Amino acid sequence: MWDAQGSAGNADGGAQELIDALERVVPGRVLWHAADTSEYSHDRSHHGWAPATAVVRATSTEEVAAAVQVCRAARVPVIARGTGTGLEGGANAVPGAVEPATGIAAQRSRAVIIDLRGMNRILRIDPDSADATVEAGVLRSELNPVLAVHGLQFVAGPGVDASIGGMAATRASGTNAVKYGTMAENVRGLTVVMADGAVVKTGGRARKSSAGYDLTHLFIGSEGTLGIITELTLKLAPTPEGRTLTVLSFPSVDAAARVVQRCLQAGVDLARAELLDTAQIAAINAYSHTDFREASTLFVELSGEARSLEGQAARLDAIADAQGLLERRRIDPADQERVWQVRHDALPAAQALRPDSYTWSTDVCVPIAHLAQCITETQADIESSGLLAPIAGHVGDGNFHLAFVLANGDDAERQRAAALYRRMIRRALSFGGTCTGEHGIGEGKMSDLIDEHPTGVPVMRAIKRALDPEGLLNPGKMVDLRGD
């Protein structure tokens, strides 16, 4: 059996043959020691993982296709990985992953990770058509400075600096979604490596098309279970002329959520609208050395033509005042990015509240009319459970995040968190919501997906079988085919 230490000398014959075959197609960029593969074998979630058999650091679509063909011939699972910032184990090499041919669990995860970070070229920018084509490993922080020269920006994605391919694979959203939409609305076409190593192009550069099945959106959000995204054609947005950022404090989550609801009803052009509960604001103040009022808080950004922003801000202020505003703080333009970074640091801020702890971060999304009630009832659950679990959310689209901060090794506490989590999921579904707005399914929410889409999951399984009949692409994620 392939040794847990992973030295090449004591690999079993099958593992050594696999590594040798991968070395032939991607020479000099294959890792196999457990100490090396461990870094690539997990995301930021609390879910379990094991060191992969090997990691292939690909630099082109052709290399990804060749590596997939080698793994298919050896009947070894393949997991695509970007920056590893996911929160539901979607890129984890799962412990006890089985060899499809035998069903025997390996000591290490019998899987090959294909690392796409080396595919980081910006292939094309067309300012006149406001689109660009990039490789999957490009980071948004790398793309936007290049786009800024043309007065353009790519706006979708989470606060962490994730890869564009990973964001598409998980259908990421982030703080800009209320105005610009999710990754699904900002990708026009893809290059995808299929389970047999074939390369498929989907979509195109046209702003609309009715040509056949919408394959682009089939792969967006599929978490590497149907194919590996290697290139993307992106929709770009103009850089706004002006931006304002206001921090608003309220006596309750209900009041804060209703402000955003009223703004959307009144046509206020929200660019970003983030809600943080009292516990999360306290965590942020301690972690980022800020002095925000410790109350239910909104971070609201307006953007657009400078001449329109004053009127938009006045409408926001009037709506906030009507909901019992406690405090208003207009952020100086020079400080806006720092304040947004404070918001993006909400998860590490929560974990910093407690030594010797880990975080279990999860999310749900509900119709905006039910958001305040859903959060308020979740807060009541948290209080009765005695758990530490700050809340932050993209209130403009009904999506909120809860971060359990749990003591390492405390199984009883983890069980209380699991019970609260199940109630939160059931509550969201009862409101017509979803078990995840942007974290994805991964390995953590597979049963929740069945609860949400009991008639849809069999269709998803049929698609999975059709495109990956041997079940080698990111097995054990999204939909479970074992025993089905």
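This is a predicted model: local features need pLDDT of at least 70, side-chain atom pairs count only at pLDDT 80 or more; totals for chains, interfaces and linings use all residues.
Local features require pLDDT of at least 70 and side-chain atom pairs pLDDT 80 or more, whereas totals for chains, interfaces and linings use all residues. Residues are numbered from 1 along each chain as its sequence is written.

The protein contains 16 helices and 18 strands, where helices (H or I, at least four residues) and strands (E, at least two) are DSSP runs numbered from the N terminus. Its radius of gyration is 23 Å, close to the 23 Å given by the globule rule for 484 residues, so the protein is as compact as a globular protein of that length. This radius is taken over C-alpha atoms, and the rule is 2.2 Å times the number of residues to the power 0.38. Along the principal axes, the C-alpha atoms fill a box of roughly 70 × 60 × 45 Å.

Of the 484 residues, 55% count as buried; buried means under 20% relative accessible area, exposed over 50%, and partly exposed in between (1.4 Å probe, protein chains only). Among contacts (heavy atoms within 4.5 Å) between residues at least 6 apart in sequence, 73% join residues at least 24 apart.

Two arginines have a positive phi. For Arg 75, in the loop between α3 (61-74) and β3 (78-81), phi is near 55°; with 29% relative accessibility, Arg 75 is partly exposed. Arg 171, located in the loop between α5 (164-169) and α6 (177-180), has a phi of about 50° although it is not a glycine. Its relative accessibility is 41%, and Arg 171 therefore counts as partly exposed.

Methods: Side-chain values use heavy atoms; hydrogens and water are left out.
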